Protein chains: 2
Amino acid sequence: MDLHELIQSLQTEGGKIVMLVSDGIGGLPMTPGGPTELEAANTPNLDALAEKGVSGMSLPILPGITPGSGPGHLGLFGYDPLKYQIGRGVLEAAGIAFPVGPNDVCIRCNFCTVDENGLITDRRANRIPTEESAEVVKLLKAIKIPGVEIFVEPVKEHRFVVVFRAEGLGGNVADTDPQKTGHAPLEPVAKDAESQKTAEIAKEFFKQATQILKDQPKANSLTMRGFAKKPNLPSYKELYGLDAAAIAVYPMYKGLASLVGMELVGQPASLSEEIDVLKENWDKYNFFFVHFKYTDSRGEDGDFDAKVKMIEELDKVIPRIIELKPDCLVVTGDHSTPAKMASHSFHPVPTMIVSDLARTDHCKKYSETEANNGGLGHFQAMYLMPLAMAHANRLGKFGA
Amino acid sequence: MDLHELIQSLQTEGGKIVMLVSDGIGGLPMTPGGPTELEAANTPNLDALAEKGVSGMSLPILPGITPGSGPGHLGLFGYDPLKYQIGRGVLEAAGIAFPVGPNDVCIRCNFCTVDENGLITDRRANRIPTEESAEVVKLLKAIKIPGVEIFVEPVKEHRFVVVFRAEGLGGNVADTDPQKTGHAPLEPVAKDAESQKTAEIAKEFFKQATQILKDQPKANSLTMRGFAKKPNLPSYKELYGLDAAAIAVYPMYKGLASLVGMELVGQPASLSEEIDVLKENWDKYNFFFVHFKYTDSRGEDGDFDAKVKMIEELDKVIPRIIELKPDCLVVTGDHSTPAKMASHSFHPVPTMIVSDLARTDHCKKYSETEANNGGLGHFQAMYLMPLAMAHANRLGKFGA
């Protein structure tokens, strides 16, 4: 019996869960023994949660492994990120919050320019501006191929997403980008029998697309990369019995949440608006994923003080969440983003669970130093959802 | 995707790593609440490392499991010791630093004495002295068998190693030692089809050997045990992209290091000479395994005070290592050897990582009590290499 079968067999009715993910929340001291960003921040509300709840350290993947946003969030959502891998095409589609279905093959496409012989002169179409690119993408929506539904969506600059939707399409097709100029885009080649049809569709798509694009001054051809289907993930409803809502500002996190079957609610543009959305939808769901981006952004900038300020922003909304009386409030991150490294890192993530069922520990602050010795110990992120479910009294007894 | 595939896919260029393994470093208090050997020792340099780095507890195998040197080191080197098992023949060959290759079948042999009917009278040839045994071993080097390269190497007293080198030899042959006197050595019997040829070679080896030995007064026959090929380990270079050097005094540890593809450098006869070798080879490698034996030896002796002294010896060389400015210095042991038990034990091993990327914790000393609550938490030894790689900035991000 694996973890998912176990959880699925034990799920029961229970309380409401809020999982507040502060992206890249974990940090590093700038000098040995100094405070981390979290420890430098003034966070009276988060600290009160630490006192009331139980803390610990979440390992996003395994010791020493730094996750991207995809694996980082899959872990938090309770899916083993080494088992369920999100292909690049699907991640790109998730990144624009495209609702990827089980019969979809997603492809990251690049506009490029080719000469009169069809040889690539610029692999990124001189990074055509996003607005212009979006107009060219619209033209491609005219492409029709019998038996397959086709979606073409702009991303940014020369990048766009193509999705083929039909039953029985394999996702294993080689990239058509020759990776250098002076060569024509490659033919789409299937890497297994199930992907033969996908390759044929891609070939036809490319044919029609180049016909449409041939007189476009800035982008007269395209390459297709990262063909992928979404991993066969059980949904939140199946796995946990939860009606889950995702509240995020950035499309990437909406996309990741929709991969596991969460509903995307609201169109918030700030953390404060995210909490408005949470409040408005409070009665409609029993699980809420609330994503706060800017702790990661300022960490990536390498700006310690700015990250501290973002943590303080986060702290300020805590009373508004508490007001809703969630049965289980989880505060965590998908990984650490220390300003010192200006990048995602492998360091474990300070995590708290506040619930009436929490076995309170001695932690008085939300900080790396305190969480390190908290009652939750050090655990892989994929166990956070079982812990949250348990703390919301949503898991029955295993065995008699 | 398993851990090795993951690590291999993420390896990048980065800093230099020193892994200082103090064999059997972990200990026990002689009376409840008393100090361990490490806590009784005066270790200002190690304590300074604890303050600067991050500490934790390494579990050699799994909770409660006491490792021998083989599995203990495989774990430290990042190989799951339950997956990769080192057969006895290979361990014996490693113990004399014989460079075991992928086509080698290694066999632990014992000289024995037989009567005129070929029945064993002493299974260990009265523990023939090492010097005399080595002379008899030399005679066996005359054995020739077509199509196979044969190595015969002395070990100690009645023990020696035989290696058959040829493509396509299986390692699954039953022991020929009947385990009691009054019986002839058994025929070598293959336990699978791939080992048929190995059994034939062993039969021929035994025939020629007994011919050569028949008039030897002290050792006129032999038994063959622990037939084994080396486990199919990815090398340090493949797995981590590291050019690794092993610096050890004792042959066993050189042998274990060579199994994973480390180069054996220098011929040091003491810890101080090991550090000389480290310094001399500093520019040639980016990973150094430095093995210190005597903490284990004195633990095995059951001599608490002598082990304390050895720990203090270790402490004295730390500044010479620090001087070289490793990007990541790991201080650990392959297992605990508490003087109280006078043997290897299952207890977790206090471990430190010193690096600019370490998230410093509250640990101020290198000790079991402090490491127990350190920032690395408790982790299986097989995750120490991923942690070291991460702290040397040698692992890229997993997923986007």
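**Close-up views of a predicted model**

**View 1. Buried residues of helix α9 in chain A.** In α9(A), the buried residues are Tyr253(A), Lys254(A), Gly255(A), Leu256(A), Ala257(A), Ser258(A) and Leu259(A). The model shown here and in the other views is predicted. Helix α9(A) spans residues 251-259 and is mostly covered, with 7 of its 9 residues buried. The elements covering these buried residues include the helices α4 (69-76) and α5 (88-95) of chain A, together with the strands β9 (244-247), β10 (263-264) and β11 (287-292) of chain A. Just after the helix, Gly261(A) has a positive phi of about 85°.

**View 2. The buried face of helix α3 in chain B.** Helix α3(B) covers residues 44-52, and its buried residues are Leu46(B), Asp47(B), Leu49(B) and Ala50(B). Viewed down the axis of α3(B), these residues fall within an arc of 155°, so they line one face of the helix. An α-helix has 3.6 residues a turn, so residues three or four places apart point the same way. Cover for the buried residues of α3(B) includes the strand β2 (54-59), the helix α12 (304-322) and the strands β11 (328-332) and β12 (349-355), which belong to chain B.

**View 3. Crossing of helices α6 and α7 in chain B.** The axes of α6(B) (residues 130-140) and α7(B) (residues 196-213) come within 9 Å and cross at roughly 125°. This angle makes α6(B) oblique to α7(B). The crossing of the two helices, α6(B) and α7(B), is right-handed. On the side of α6(B), the contact is made by Val136(B), Leu139(B) and Leu140(B); on the side of α7(B), by Ala209(B), Ile212(B) and Leu213(B). The residues of this contact comprise 6 nonpolar, no polar and no charged.

**View 4. A positive phi at Ala342 of chain A.** Most residues other than glycine have a negative phi. Ala342(A) is not a glycine, yet has a positive phi of about 50°. In chain A, Ala342(A) sits in the loop between the strands β12 (328-332) and β13 (349-355). With a relative accessible area of 32%, Ala342(A) is partly exposed.

**View 5. A positive phi at Glu157 of chain B.** Glu157(B), a residue other than glycine, has a positive phi near 50°. The loop that holds Glu157(B) runs between the strands β5 (149-156) and β6 (159-165) of chain B. Glu157(B) counts as partly exposed, at 27% relative accessibility.

Notes
Residues numbered from 1 in each chain as written. Chains lettered and ligands numbered in written order. Predicted model: local features only at pLDDT ≥ 70, side-chain atom pairs only at ≥ 80, totals over all residues. Heavy atoms only, no water. Axes fitted to C-alpha atoms, helices over the stretch in contact; angles between N-to-C directions. Helix = DSSP H or I, 4+ residues; strand = E, 2+ residues; numbered from the N terminus. Parallel < 35°, antiparallel > 145°, perpendicular 65-115°, else oblique. Left-handed = near helix turned anticlockwise from the far one by under 90°. Contact = heavy atoms within 4.5 Å. Nonpolar A, V, L, I, M, F, W, Y, C, P; charged D, E, K, R; others polar. Buried < 20%, exposed > 50% of the residue type's maximum accessible area, 1.4 Å probe, protein only. Arc of directions from axis to C-beta.
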